Amino acid sequence: MGRKPLPPKAPYLPKGWMQNFLELIKRVRLQTIDRGIVKQHNLTAEGNESKLIGALRFLGLIDEEGKVDQGKLTPLKMEGENFQKALDQILHESYAEVFRT
C-alpha cells in the first residue's frame with residue numbers, strides 16, 4: 001500500500017524569506033519552484049531552502065511537485081489593496097481551521 005502524503009505543516013520562517021519570494025515573483029515568471037530555484041535567487045539562508053518550499057506548499061502557492069498555482073500567484077504581483085485582498089484570501093484558506101476557532 002502506498003503512503004498518503006501528510007498535509008503540509010504551518011510555516012515557521014523569517015518573514016524576510018517570504019518577502020524575498022514576493023519580490024521575486026514580481027520580476028520573474030516561474031512555472032515551478034524547487035530548492036534549486038530558491039537557492040539560485042538567494043531567497044533564504046543557505047541550507048534552508050526546503051523551509052520556504054514547505055511554506056509555499058502550505059499556502060497552496062505550489063503543489064507537491066513544485067508546480068506554481070498561477071491563479072493564486074498572479075494576484076500577489078499586484079500592489080496596494082489588490083495585493084492585500086489576495087494575501088488575505090490565501091491566508092484565510094490556509095489557516096481556515098484557526099479562523100474558525
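Contact here means heavy atoms within 4.5 Å. The model is predicted, with local features needing pLDDT of at least 70 and side-chain atom pairs counting only at pLDDT 80 or more, while totals for chains, interfaces and linings use all residues. Residues are numbered from 1 along each chain as its sequence is written, and side-chain values use heavy atoms, with hydrogens and water left out.

**View A. Glu49 and its contacts.** Glu49 sits in helix H3 (helices are DSSP runs of H or I, at least four residues, numbered from the N terminus). Skip the neighbours within four places in sequence, and Glu49 touches Arg35, Val38, Lys39 and Thr44.

**View B. Helix H1 and its buried face.** H1 covers residues 15–27 and spans 19 Å from first C-alpha to last, close to the expected 18 Å (1.5 Å times one less than its number of residues). Its buried residues are Trp17, Met18, Phe21, Leu22, Leu24 and Ile25. Seen down the axis, they fall within an arc of 160 degrees, so they line one face of H1 (the arc uses directions from the helix axis to the C-beta atoms). Their cover includes helices H3, H4 and H5. On the other side, Lys15 and Arg27 are exposed, i.e. over 50%.

View C. Gly16, in helix H1, is partly exposed at 26% relative accessible area, the class between 20% and 50%. Gly16 and Thr44 lie 28 residues apart in sequence and 8.2 Å apart in space, C-alpha to C-alpha.

Terms used. Helix = DSSP H or I, 4+ residues; strand = E, 2+ residues; numbered from the N terminus. Buried < 20%, exposed > 50% of the residue type's maximum accessible area, 1.4 Å probe, protein only.
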